[in-house]
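Me: Please go through this model with me, one question at a time.

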Amino acid sequence: MTIFEKILNNEIPSQILYEDDFAIAIPDIQPQLPVHVLVIPKTFATSLSDIGHWSSEQTAGYFQSIDKVAKHLQIENGYRVVFNTGSDAGQTVAYLHAHILAGSAMGWPPFSN
Ligand code: AMP
């Protein structure tokens, strides 16, 4: 079981910043920017490429949750949403999650190697 499933099951404590029927939002334990929040769906998928089994309601609900979290965080100057998908992207937890990043200007492209 992944760390995010344990958080969803209340087996590991975390600060829940936001919750609705489709997702929870928690602060990233190793923030890369002043605002770094993870939006974790309540329905399992390993990554963005694994949501084909979700219903339309679950898919729409999850993406609307990401928008609601961003509004809740009041990050008026803008934010970036990142889905690391697979090993080349550096995905380390095999449970879908969106990173919401904000709080300072970000460069583009977002990689440095
Ligand atoms: P990814 O590389 O996209 O799979 O991102 C996984 C993220 O989960 C990383 O940014 C980690 O810092 C974060 N993370 C790992 N464990 C926890 C935890 N217990 N609570 C909050 N964030 C975590």
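**Loops, rings and ligand**

Reply: N10 lies in the loop between helix 1 and strand 1 (18–19); helices (H or I, at least four residues) and strands (E, at least two) are DSSP runs, numbered from the N terminus. This is a predicted model: local features need pLDDT of at least 70, side-chain atom pairs count only at pLDDT 80 or more, and totals for chains, interfaces and linings use all residues. Residues are numbered from 1 along each chain as its sequence is written, and side-chain values use heavy atoms, with hydrogens and water left out.

Me: What is the phi of N10, which is not a glycine?

Reply: Most residues other than glycine have a negative phi. N10 is exposed, at 69% relative accessibility (buried means under 20% relative accessible area, exposed over 50%, partly exposed in between; 1.4 Å probe, protein chains only). N10 has a positive phi, about 60°.

Me: What is the phi of Q74, also not a glycine?

Reply: Q74 is in the loop between helix 2 (56–73) and strand 4 (79–82). With a relative accessibility of 56%, Q74 counts as exposed. Its phi is positive, about 55°.

Me: What is omega for the peptide bond that joins W108 and P109?

Reply: Most peptide bonds are trans. P109 lies in the segment after strand 5 (98–102). The bond between W108 and P109 is cis, with omega about 5°.

Me: Why is the pair of Y62 and F63 classed as it is?

Reply: Rings of Phe, Tyr and Trp (its six-membered ring) pair if their centres lie within 6.5 Å; planes under 30 degrees apart count as stacked, over 60 as edge-to-face and the rest as tilted. There are four aromatic pairs in the structure. The centres of the Y62 and F63 rings are 5.5 Å apart and the planes are at 70°, so this pair is edge-to-face.

Me: Is Y62 buried or exposed?

Reply: Y62 belongs to a cluster that ring pairs form with W54, F63 and F83. F63 is partly exposed, at 36% relative accessible area. Y62 has 1% relative accessibility, so Y62 is buried.

Me: How much of the accessible area of the ligand does the protein cover?

Reply: A polar side-chain atom of D28 is 2.5 Å from an oxygen atom of the ligand, and a backbone N or O atom of G90 is 2.9 Å from a ligand oxygen atom. On its own the ligand has 500 Å² of accessible area (Shrake-Rupley method, 1.4 Å probe; for residues, only the protein chains shown count as cover). The protein covers 84%.

Key: A polar contact is a pair of N or O atoms within 3.5 Å; within protein, one must be able to donate a hydrogen and the other to accept it, and residues adjacent in sequence count only if both atoms are side-chain atoms.
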